[in-house]
Amino acid sequence: MAIKKQKELDIEEKSPENRILSFPDEVLERVLVFVKTHKDRSAVSLVCRDWYNAERWSRTHVFIGNCYSVSPEMVARRFPNIRSVTLKGKPRFSDFNLVPPNWGSDIHPWLVVFASAYPFLEELRLKRMTVTDESLDFLARSFPEFKALSLVSCDGFSTDGLASITTYCRNLTELDIQESGIEDLGGSWLNFPESFTSLEALNFANLHSEVNFDALERLVARCKSLKVLKVNKHVMLEQLRRLLVRAPQLTELGTGPFSQDHKLRSHIDLESAFSNCKNLNTLSGLWEVSSMYLPALFPACTNLTFLNLSYTALQSAELAKLLQKCPLLRRLWVLDTVEDKGLEAVASSCHLLQELRVFPADPFEQEVIMEGGGNGVTESGFVAVSEGCPNLHYVLYFCHQMTNAAVATVVRNCPNFTHFRLCIMDMRRPDYLTNEPMDEAFGAVVKTCSKLRRLAVSGLLTDRAFEYIGTYAKNLETLSVAFAGSSDRGMQCVLEGCPKLRKLEIRDCPFGNAALLSGLERYESMRSLWMSACNLTMNGCQLLARKMPRLNVEVIKEDESDDMHAEKVYVYRSVAGPRRDAPPFVLTL
Amino acid sequence: MEVSVSDFDNLKATELRLGLPGIDAPEKPAPVSPRGSKRALLKANEECWPGTSKSLEADTSNQEAQPMAKAQVIGWPPIRSYRKNSFKARKAEVEAAGLFVKVSMDGAPYLRKIDLKVYKGYKELREALDNMFRCFSTGELSGMEGCNGSEYAITYEDKDGDWMLVGDVPWEMFISSCKRLRIMRRSEATGMPSSP
């Protein structure tokens, strides 16, 4: 249909005087309602001016992957009818403390513009933005139809800000504050009025303080549409049981600790509460698990598709028992306390598995001897999973040792990887059996997995690995590199060879100005480039900035010692020009 | 989220290190070091790795015994802060771990393990045991003062290896000397000595 339209329009362009309007705008707008993803909508807007206008009037959700790539005024000018905004702020490496505090990405200027342009705004989803209590209060009071707030990996606010949201947002359906750095001033923020019943999703799993349980229980009891409930570590088993009894319709549950609670009336009551939850597809939390109580969960596991055990130091035997109850599992997150044996259990129980994430329980090796041996997972666990789970397409794997042969076997078994993130935690570690670099491992990944969109590499890597990536990874969109490569050539291969690259983040690699400048033509088609602790100088960055005026080339300078070296560089395309809110340590060149 | 600093210090005092002196493992993100020392930091890491460097001093047998302390670099491994914080919390919880004792019951097919530290007194212990083993008994458990006519008695093995009736001594004394619990049939419990 779309192609036919295009041809009709081509004809129209040729004879502007006798233009036949093939499609009135109103009809086009009605059709465009069905075009949902922001990528499709961007494509639609590029067809011609009419389509651009129809699209901008009918768009209700806008996604901004880099809050500094555009200004809020520009967004408001182009899209008059937005109800839902997704905004991402800081570079991803800020999650690992590589970006100094007070760097920016403050939501407030956006809220001020939205308050006048979109008074009926309903949803705000933020990632890595700074959000203050004042902003939350402003949000709560400015948008009477406000429904959904999701703050992932955000910082700058406290529980007081949350109190504003619960007090003033009468139509709230979703409040999700996962993984955010919240200043915890106590648990009284959960003070929705008694008349409030619209909540559908509540996630406060990472909050440290105890919430008022009575208030929570009453809230859960009166919100009949509640589907998602993720509580924190302070909600014990008996309390959880009471919540479940009130909300058997839950589809996603995050529990508190699953360990001894002497207030629990009986094991059987707990089990019966779980067996009434017939619609659970997602389970997380658990924190500590006592194997005594784990079986209470089993009746609720039949329909589980996502199991997040990444906060639970589970051993392999317990995991095996649990997995046997989860035949439909598609996504599994675990800690490496399960070890290779646990992964073998995954391989034998979870044939439908599509995504596996294995996190390290003790990444900084502070335990000399860990419970139960504690060597984490190795290459053999990885291979085992690939043998049992042919549908695997997403992996995040933290380990201390790996071999080229094992990775080659894994991708031979599972050629459909779209996301392959392997983190060998020991920097620059070679193949531990052959002592060779891990080049061939990632070579195998890119050669075999033609659908690969995201790749994170680790271990000892020479330029060869990057040659492979540049040659084969034609669908690659995101690449993360740390402590790898031998020369500028490595980075050059990637920039020249990966046409779909959008995000490139590099730390501690021997890439210098020549590598940076080789990407001159590329950066405008990418969202961003991050390079820290590489061999960049201020001169090189200045040259880039001069040649590419539509890029923001920012250097983060935290100390005055070495004026020539550019320690942290962040390059991104922007139509908004240089940042006006840059702190003193961010230099825009 | 408190770190048990004293444990950490003790560990540090005995560990083998190849890192440069003064490089510690910070709990909080360390301030960004000037380029020079960061290179040194990285070099220290390279030296840590056998096979890639010739300058390794420590022999491999030492490596087995004590994992090499790696000079820590900011943001590596790439784990997000909220996960790191939960590890610290778990570590603290494990260290404050309780007094776990096995509980067996005559006629029950398997044992249980409980943490005596969780209970404030005999009444709570009794209730918990009742909850746990209810399916195996027809009536209430006893072993405490004032409960008669029940099938079972709760007994414990003390530090000296003797089997005693639960409930005679003050609670604190009980939990410090109790090694395991056994719920036995009343008929077998008669004639059992009380604590001296």
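The model is predicted, with local features requiring pLDDT of at least 70 and side-chain atom pairs pLDDT 80 or more, while totals for chains, interfaces and linings use all residues. Residues are numbered from 1 along each chain as its sequence is written, chains are lettered from A and ligands numbered from 1 in the order in which they are written, and side-chain values use heavy atoms, without hydrogens and water.

Me: What makes the contact between A:Arg141 and A:Asp137 a salt bridge?
Reply: A salt bridge is a side-chain nitrogen of Lys or Arg within 4 Å of a carboxyl oxygen of Asp or Glu. The closest N and O atoms of A:Arg141 and A:Asp137 are 2.8 Å apart, so the pair meets the definition. By this rule, 30 salt bridges are counted over all chains.

Me: Where do A:Arg141 and A:Asp137 lie?
Reply: Both belong to helix H7 (residues 133-142) of chain A, 4 residues apart, about one turn of the helix. Helices here are DSSP runs (H or I, at least four residues) and strands are runs of E (at least two), numbered from the N terminus. An α-helix has 3.6 residues a turn, so residues three or four places apart point the same way.

Me: Why is A:Arg141 called exposed, and why is A:Asp137 called partly exposed?
Reply: Buried means under 20% relative accessible area, exposed over 50%, and partly exposed in between (1.4 Å probe, protein chains only). A:Arg141 has 52% and is therefore exposed. A:Asp137 has 22% and is therefore partly exposed.

Me: What makes A:Glu524 and A:Arg550 a salt bridge, and what parts of the chain does the pair link?
Reply: Their closest N and O atoms are 3.2 Å apart, so the distance falls within the limit of 4 Å. The pair links distant parts of the chain, 26 residues apart: A:Glu524 is in the loop between helix H19 (513-518) and strand E20 (528-532), and A:Arg550 is in the loop between helix H20 (538-547) and strand E21 (551-556), in chain A. A:Glu524 is partly exposed because its relative accessible area is 29%, whereas A:Arg550, at 56%, is exposed.

Me: Why are helices H12(A) and H13(A) called roughly parallel?
Reply: Helix H12 (residues 316-324) and helix H13 (residues 339-349) of chain A pack at an angle of about 15 degrees, with their axes 8 Å apart. Angles under 35 degrees count as roughly parallel, over 145 as roughly antiparallel, 65 to 115 as roughly perpendicular and the rest as oblique. The two helices are therefore roughly parallel.

Me: Which residues of H12(A) meet H13(A)?
Reply: A:Ser316, A:Leu319, A:Ala320, A:Leu323 and A:Gln324 in H12(A) are in contact (heavy atoms within 4.5 Å) with residues of H13(A), including A:Lys341 and A:Val346.

Me: How do you know that helix H16 of chain A is mostly covered?
Reply: In H16 (residues 439-448), 7 of its 10 residues are buried. Among them are A:Phe442 and A:Val445. The buried residues pack against helix H15 (404-413), strand E16 (419-424), strand E17 (454-456) and helix H17 (463-472) of chain A.

Me: How many helices and strands are in chain B, and what share of its residues counts as buried?
Reply: Chain B contains 7 helices and 6 strands. Of its 196 residues, 38% count as buried.

Note on methods:
Axes are lines fitted to C-alpha atoms, for helices over the stretch in contact, and angles run from 0 to 180 degrees between N-to-C directions.
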